[in-house]
Amino acid sequence: MATSIVVENCTKEFTLYYHRTMKAMATAAVRRQPLRERFTALNDISFTVEQGESVGLMGLNGSGKSTLLTLINGVMTPDKGKVLTRGRIAGLIATGAGFHPQMTGRENLFLNGAILGMSKNELNRKFDEIVEFADIGRFLDTPVSHYSSGMYARLGFAIAIHVDADIFLADEVLAVGDKPFKQKCVTKMQEIRQQGTTIFYVSHAAASVRSMCDRVLCLESGHLNFDGPVDEGIRYLQYDEAEEGLEATIDAELGADI
């Protein structure tokens with residue numbers, strides 16, 4: 001089986017600036033306060049993904065998940081180590097990423113599709129299928145600045161999921177949208193999974209990771225602390241207990257009968 005993704009001793013750092021204006025910086029310097037600080041988002045991460053694997057990436061907010069996805073997507077490069085990928089990459093890392101707010105949904109469909117590497121002929125051929133999946137109706141010819149976050153998600157996901165890709169990246173793609181749309185997304189992702197596409201899926205939802213993925217990577221403060229079976233990874237993060245507690249709280253508040 002061919003290797004799809006290789007991440008080897010990967011480290012990524014960012015600089016945090018505490019002051020935005022020259023006046024604030026000068027004042028801080030006089031008071032001998034720090035002006036900036038280096039922050040390590042990913043620290044010596046290594047793993048490989050085989051072609052056709054479905055890998056869940058889990059961890060608390062700020063653990064480095066989105067940074068890792070942007071490195072795999074090629075948007076950024078690591079400060080140390082290397083990231084290698086095989087084949088065409090598509091996916092939805094940020095809702096509405098690449099959309100121009102003053103352009104219509106139709107215009108953004110062609111723009112975003114081109115950004116994801118689709119040719120004009122490919123976009124024309126898949127146009128009706130993408131529009132049907134997005135299900136935004138008459139708003140297709142409305143500027144996307146008027147869209148709700150759910151409509152952004154619908155159109156963005158519809159475009160990304162119809163790219164003929166070898167690797168599909170999804171960052172919290174099911175966090176926005178109503179229940180029928182989420183179910184449609186899951187069904188479509190299962191289809192491309194069965195076609196042998198490598199899926200790299202970021203989510204806090206244990207149930208969707210369990211149904212979608214063969215393996216889980218768990219990040220904690222930029223460190224890869226778990227790489228293994230899905231159920232073990234979920235137990236490692238105690239996500240099942242957290243979801244059960246949240247559901248119990250919601251049911252109690254609503255007076256629901258389970």
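**Entry 1: Asn108**

Setting aside residues up to four places away in sequence, I find Asn108 touching Gly98, Phe99, His100, Met103, Gly113, Val144 and Ile159; contact here means heavy atoms within 4.5 Å. Asn108 sits in helix α3, residues 105–115. Helices (H or I, at least four residues) and strands (E, at least two) are DSSP runs, numbered from the N terminus. Is Asn108 buried or exposed? Its relative accessibility is 0%, so I list Asn108 as buried. My cut-offs are under 20% relative accessible area for buried, over 50% for exposed and partly exposed in between, with a 1.4 Å probe and protein chains only.

**Entry 2: ground rules and confidence**

I number residues from 1 along each chain as its sequence is written, and side-chain values use heavy atoms, with hydrogens and water left out. As the model is predicted, local features need pLDDT of at least 70 and side-chain atom pairs count only at pLDDT 80 or more, while totals for chains, interfaces and linings use all residues.

I looked up the confidence next: the mean pLDDT of the protein is 83, and 84% of its residues reach 70 or more. This score is the predictor's confidence in each residue, from 0 to 100. Residues 244–258 have a pLDDT below 50, and beyond near neighbours in sequence this stretch has two contacts in the model.

**Entry 3: the whole chain**

I noted nine helices and nine strands in the protein. Of its 258 residues, 43% count as buried. Taking contacts between residues at least 6 apart in sequence, I see that 70% join residues at least 24 apart. The protein exposes about 13,700 Å², and carbon and sulfur atoms supply 51% of that area; the areas come from the Shrake-Rupley method with a 1.4 Å probe, and for residues only the protein chains shown count as cover.

**Entry 4: helix α6**

I then followed α6, which covers residues 179–194 and has 16 residues. From its first C-alpha to its last, α6 reaches 23 Å, close to the 22 Å expected at 1.5 Å a residue; the expected span is 1.5 Å times one less than the number of residues. Which residues of α6 are buried? They are Phe181, Cys185, Val186, Lys188, Met189, Gln190 and Ile192. These buried residues pack against helices α4 (120–134), α5 (149–161) and α7 (206–212), and against strands β6 (167–171) and β7 (198–202). Just after α6, Gly196 has a positive phi of about 95 degrees.

I also checked Lys184, which lies over the face of Phe133 at 4.9 Å from the ring centre. For that label, NZ of Lys or CZ of Arg must be within 6 Å of the ring centre and within 35 degrees of the ring normal.

**Entry 5: aromatic rings**

How many aromatic pairs does the structure hold? I have seven aromatic pairs on record here. Rings of Phe, Tyr and Trp (its six-membered ring) pair if their centres lie within 6.5 Å; planes under 30 degrees apart count as stacked, over 60 as edge-to-face and the rest as tilted.

The rings of Phe157 and Phe168 have centres 6.2 Å apart and planes at 80 degrees, so I call the pair edge-to-face. Phe157 lies in α5 and Phe168 in β6, so this pair ties together parts that are eleven residues apart in sequence. Phe157 and Phe168 are both buried.

Phe226 and Tyr236 make a stacked pair, at 5.7 Å centre to centre with 25 degrees between the planes. Phe226 is in β9 (residues 223–228) and Tyr236 in α8 (residues 230–237), so the pair joins parts ten residues apart in sequence. Phe226 is buried at a relative accessible area of 14%, whereas Tyr236 is partly exposed at 36%. I also found Phe99, Tyr147 and Tyr152 linked into a cluster by ring pairs.

**Entry 6: positive phi in strands**

Asn9, in strand β1 (residues 3–17), has a positive phi near 50 degrees without being a glycine. Its relative accessible area is 38%, so Asn9 is partly exposed. Asp44, in strand β2 (residues 36–50), is not a glycine either, and its phi is positive at about 55 degrees. At 46%, Asp44 is partly exposed.

**Entry 7: Val209**

My last stop was Val209 in helix α7, buried with a relative accessible area of 0%. Outside four places in sequence, Val209 is in contact with Gly56, Met58, Tyr201, Ser203, Val216 and Val230. Val209 and Leu57 are 152 residues apart in sequence and 8.6 Å apart in space, C-alpha to C-alpha.
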